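Student: Could you take me through one part of this model closely? I would like to see how the two chains meet, and what lies around that place.

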Amino acid sequence: MRENILRINVKIGIRRKLFYGLLVVLAFVYLVPVYMAIITSLKDPAEINLLTSWSFPKHINFKGFSDAYALLKTNFFNSVILAFSATIISAFVGSINGYVFSKNKFKGSEIIFTLLLFGMFIPYQIILIPLFQLLKSIGLYGSLFGLILAHVIYGIPIVTLIFRNFYDQISDSIMESGRLDGAGYFGLYFRLILPLSIPGFVVVGIWQFTQIWNEFLWGITLTRKSANPITVGLAQLAGGQAVSWNIPMAGALMAALPVLIIYIFLGKYFIKGLLTGSVKE
Amino acid sequence: MAGTISRIHRRDTIKSLLIITPSVILIGVFVYGFIANTIYTSLTDWGARASLALHPVKHFIGFVNYKNLFAGFIHNRFRQDLVNMVFYSLCLLVGTITVGFLLAVLLDRSVRYESFFRTVFLYPMALSFIVTGTIWRWLLAPSGGVNLIPKLFGLPKSNFLWLSSRKTVLTFNWQDVPTILAVFILILLIYPLVKSFITQNKKRMVIYSVVSFILLSYIFIFKNILPPILPYRETHGFKLATVGILIAAVWQYSGYTMALYLAGLRGLPVSMREAAKIDGATEFQYYLRIAIPNVKPITLSAVIILSHISLKLFDLIYAMAGADNINTGHPSINMYLTTFRANQFATGAAMAVILFIVAALFIIPYMVHSHRERKIR
């Protein structure tokens with residue numbers, strides 16, 4: 001009897017080990033691109049060879065990073081300005097819109113909300129030509145301002161949705177007691193709702209920041225070279241044939257760094273934003 | 001008293017309207033207005049002359065651009081792009097849903113260091129396609145990276161041209177596309193047709209029967225009478241050069257489906273699992289018979305979101321294979337080249353409209369569905 005239990009335990013133990021072994025192998029597979037980017041970016045240009053692409057650098061050389069920084073500096077700071085300003089503006093737009101659609105519903109507000117949401121599901125090619133023409137005619141084509149404008153406008157649906165879902169979780173009884181204390185429409189918003197909104201702002205802020213930071217299509221079609229965001233800079237750097245591969249790899253890590261930091265430290269909020277559009281809670 | 005409340009209420013409604021007016025106008029112009037504008041542009045000849053002028057001269061020419069795209073001599077590449085798009089979307093859907101579900105099942109038990117594994121499987125999702133595309137391009141270089149992996153197992157190294165292979169499999173003739181589509185829709189119709197007869201739903205019986213009849217008469221009669229859409233044979237198929245891009249895309253998005261399914265599996269009541277265990281079901285049977293049917297709404301959301309993402313593969317293809325690679329093309333890339341490099345605005349607009357219609361086929365039913373659900377709550 002005891003032997004049987006022992007045997008079963010051993011069996012379970014082996015299965016457990018196999019199971020963890022599988023998970024570890026899978027984790028390695030998912031991390032391969034990061035490994036590759038790091039080792040290649042640290043190699044000396046002379047050492048970069050396809051046949052030894054998997055091996056560790058013999059001498060660690062940071063020249064890839066300094067070169068990539070020199071080439072992508074402007075793009076990097078363009079993206080910083082772009083992502084911060086567009087994120088901040090669209091977060092406030094989303095907050096006040098969400099307040100209306102969650103706490104001040106009126107006849108027809110649901111249908112307006114649905115019509116607004118449609119804007120986040122379109123392939124952006126369908127609006128690209130008129131957008132390009134419009135920015136040209138008002139003199140914003142090529143500049144960072146045009147790009148900020150585009151991100152704020154086409155961000156309206158998702159930020160409104162996230163804030164609406166967030167405010168739906170705040171109970172209406174809080175609103176009622178606020179009203180009994182004599183707070184009006186905007187009083188309720190500024191004194192009651194806004195102070196409770198910090199987690200909502202974190203989710204929206206993270207979501208918009210990563211989306212805007214990673215965006216490419218508008219960057220390449222609506223900006224001139226001096227205003228190119230980091231994604232465009234990186235694509236051009238990697239697309240050129242002459243560069244040795246330590247530079248694009250270092251550039252890729254540089255372009256990934258801000259979003260990776262956000263993901264690692266604030267991943268919980270990132271996932272919340274990610275699931276908003278798909279799982280209705 | 002009641003009067004005051006309704007007056008306050010009315011005043012609040014006016015304030016609400018004032019707040020959302022700017023957003024409504026902006027979305028009205030920049031989404032709906034611009035879509036209408038692009039549709040109009042696609043029906044003109046804009047691009048032939050003075051394409052970059054601020055007020056270009058355009059003439060209305062009807063559906064000529066569309067006709068050229070589907071059946072014109074020079075747009076062979078666009079037709080292959082459309083075929084690529086179908087394969088990209090299907091493979092991405094099947095790949096990410098399968099891999100994501102399996103990852104979710106693996107993590108759906110008390111796993112030690114679960115948050116570590118979850119973080120590792122999901123991090124690619126946070127990155128830009130341009131970043132991951134740049135790295136994958138190096139990994140899939142012909143004489144290095146992934147092609148060296150067989151050497152680890154003592155095998156000769158692979159020589160597959162991941163991004164530049166010209167091989168095409170599953171080839172078919174473009175002239176047969178209407179027939180293929182008709183047969184495909186007929187197969188999809190079999191189940192609802194049979195069901196409508198079983199449930200005796202008169203209206204549906206009529207609709208499905210008429211549609212099937214039209215399709216059948218096309219396949220057996222009209223196909224042979226009508227002229228073919230192209231005057232010559234034109235071969236299209238699945239380009240093997242897209243496999244590399246698909247691997248990168250599945251790697252990047254399987255974590256997303258994993259997160260969706262994990263949330264779904266965790267949401268199932270523990271009692272369900274225990275009941276299954278008592279009834280003698282194995283783990284495998286539990287997932288197959290109980291978990292999968294119960295996370296169906298999540299699968300639906302995943303299908304919608306992923307088919308939307310697959311229409312946006314622009315960035316990944318651009319970074320991995322470049323915009324000019326014919327073998328890995330996608331309508332969105334072609335639209336970019338046609339519009340912004342060749343200045344053929346009207347043709348580019350027609351391509352954008354085709355992409356939009358494909359997206360709308362998925363999105364509009366989904367939005368109607370979720371609108372109704374919101375109203376019920």
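Tutor: The centres of domain 1 and domain 2 of chain A, taken over C-alpha atoms, are 38 Å apart. Keep in mind that this is a predicted model. In chain A the domain assignment puts residues 2–41 in domain 1 and residues 65–276 in domain 2. Chain A has eleven helices and zero strands.

Chain B has its own division: domain 1 is made of 81–167 + 240–343, and domain 2 covers 177–225. Here 34 Å separate the two centres, again taken over C-alpha atoms.

Now to the place where the chains meet. Chain A brings 68 residues to the contact and chain B brings 76 residues. On the side of chain B, the elements that give two or more residues include α1 (2–42), α5 (129–139), α13 (314–321) and α15 (345–376). The largest share of that side, 17 residues, is from α1(B). By kind, the residues on the side of chain B that touches chain A are 47 nonpolar, 21 polar and eight charged.

Let us look closely at α13(B). Eight of its eight residues are buried, so this helix is largely enclosed by the rest of the structure. Among them are Phe314(B), Asp315(B), Tyr318(B) and Met320(B). What covers the buried residues of α13(B) comes from both chains: α9 (217–222) and α10 (230–239) of chain A are included, together with α5, α9 and α14 of chain B. Just after α13(B) comes Gly322(B), which takes a positive phi of about 85°.

Leu234(A) gives another view of how the chains meet. Leaving out residues up to four places away in sequence, Leu234(A) touches Leu72(A), Gly251(A), Ala252(A) and Ala255(A), and from chain B it touches Ile130(B), Val131(B) and Thr134(B). Leu234(A) and Ile127(A) are the residues with the most contacts inside the largest nonpolar core, which has 169 residues. Helix α5 (residues 144–168) of chain A supplies the largest share of this core, 16 residues.

Notes. Residues are numbered from 1 along each chain as its sequence is written. Chains are lettered from A and ligands numbered from 1 in the order in which they are written. This is a predicted model: local features need pLDDT of at least 70, side-chain atom pairs count only at pLDDT 80 or more; totals for chains, interfaces and linings use all residues. Two residues are in contact if their C-beta atoms, placed from the backbone, lie within 7 Å. Helices (H or I, at least four residues) and strands (E, at least two) are DSSP runs, numbered from the N terminus. Ala, Val, Leu, Ile, Met, Phe, Trp, Tyr, Cys and Pro count as nonpolar, Asp, Glu, Lys and Arg as charged, and the others, Gly among them, as polar. Domain bounds come from an automatic or database domain assignment. A nonpolar core is a set of buried Ala, Val, Leu, Ile, Met, Phe, Trp, Tyr and Cys residues joined through C-beta atoms within 7 Å. A residue is buried if 20 or more other C-beta atoms lie within 10 Å of its own, exposed if 12 or fewer, and partly exposed in between; C-beta atoms are placed from the backbone.
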